[in-house]
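Please look at the sequence and the structure below before reading my comments.

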Amino acid sequence: MENKKILIITYYWPPAGGPGVQRWLKFVKYLPDFGVQPIVYIPENPTYPIVDKNLVNEVSEKAIILKQKIFEPYQLASFLSKNKTKKMNSGIIPNQKKQSFLDKTFLWIRGNLFIPDARVFWVKSSVAFLEHYIVANNIDTIITSGPPHSLHLIGLELKQKLDLKWFADFRDPWTTIGYHKSLRLSNYAARKHKKLESQVLNAADTVIVTSKTTKTEFEAITRQPIAVITNGYDTEEVEKQVLDAKFTMAHIGSFLSERNPLILWESLVELIQELPGFKAHLEIKLIGAVSQEVLETMLHFGLNPYLNNLGYLSHAEAIAHQRKSQVLLLIEIDSEDTKSIIPGKLFEYMVSNRPIIAIGPKDSDFAEIITTTNTGVFLKYSEKMKLKSVILEFYNQFLEGKLQSNGVGLQHYSRKNLTKQLVSLLNKM
């Protein structure tokens, strides 16, 4: 594999913030250590819902970056409603009962006119540019990363035109991702999504996924090889943090309407009422985009006096909060469709030395990871009494100054080790 060139086609790249950028930013960081030259193709003028300019400093100096202009409908839609467009672009979709006419219109347009997504207009120009570049530079391997899944259509067309190996990397599922059902799809649009998904899965030489459940779902669609390479954590240069003086419970990342954990709010209210001193110690830290429904629910439960809503912070600042918060919250939507979702922040949580309280659907893939690494407790949405007991146990350990996690086997999820797995996969082709 020495001096082998790999073309990586991705949408999210610094200065994009949020979880979507981390996976390939880190792979690209470590690929040169294994004799691979990464060439990264990205849009020149993207519409990123979240920007973190500090991440530009993390781009490997050994990477070759290619840019081409992209037309995005989000750029036009922002003239009608910049706030609604930004939230939809971030995956924050209002609760169906509270959607305005404009919300419903945007969702219908997004789901039915832009298939598979609003970046589809980048496909043709990208194929034309990359076809010449690949031939001129003797590249024989490409990787497409989605979502946005329209990038896989670039890989599909290049595979049809050229003799090359194509790896389709799915950071999230396609038609079973949580928000897909919220797009108000017509029967025609739903069928087209399925058709495109099948074409991609059956044309790629190898499919890469981040969870076992997604692998099982895709095995029902294709007989092509499917490899699981999870997300992971990197070695972060963060100053040693002094733990928060309060009993802080921190949620870091997008807090969608569907993730609104009523059992958590109910448990906290009951503990406030039952435990003298608990309300004096409690602080709920929310870092990242938070849906209005979540904030309204917390107000309804009377939890606003304990809320510290910090909004979006840089990745470095978020890491610092992970390491000084007393407890870290990981909330996933209670749905069969979200069992396969392993939030990228989980792996950073795991090496923070802070205990995790995770709430999600039964048989979630991330439940197994938390359990086997001894980094926290996983609970189903039906386990309110158990959740209340866990919070109480952590609170008592906090009062004694003994609250921490003792993770095991974490090295398996280091970004460098995961890149080694990726290179091994590339070597087999």
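The points below cover the strands and then the salt bridges.

1. This is a predicted model, in which local features need pLDDT of at least 70 and side-chain atom pairs count only at pLDDT 80 or more, while totals for chains, interfaces and linings use all residues. Residues are numbered from 1 along each chain as its sequence is written, and side-chain values use heavy atoms, with hydrogens and water left out.

2. Strand β5 covers residues 165-170, where helices (H or I, at least four residues) and strands (E, at least two) are DSSP runs numbered from the N terminus. Five of its six residues are buried (under 20% relative accessible area, with exposed over 50% and partly exposed in between; 1.4 Å probe, protein chains only).

3. Strand β4 (residues 141-146) runs parallel to β5 and is joined to it by six bridges, and β5 also pairs in the parallel sense with β6 (residues 206-209) over four bridges; two strands pair if DSSP finds at least two bridges between them. Ala168 is the bridge partner of Thr144, and Val207 in β6 is the bridge partner of Ala168.

4. The structure holds 18 salt bridges, each a side-chain nitrogen of Lys or Arg within 4 Å of a carboxyl oxygen of Asp or Glu. In one of them, Glu157 meets Lys124, with the closest N and O atoms 3.1 Å apart. Glu157 lies in helix α6 and Lys124 in helix α5, so the pair ties together parts that are 33 residues apart in sequence. Glu157 is buried at 18% relative accessible area, whereas Lys124 is exposed at 59%.
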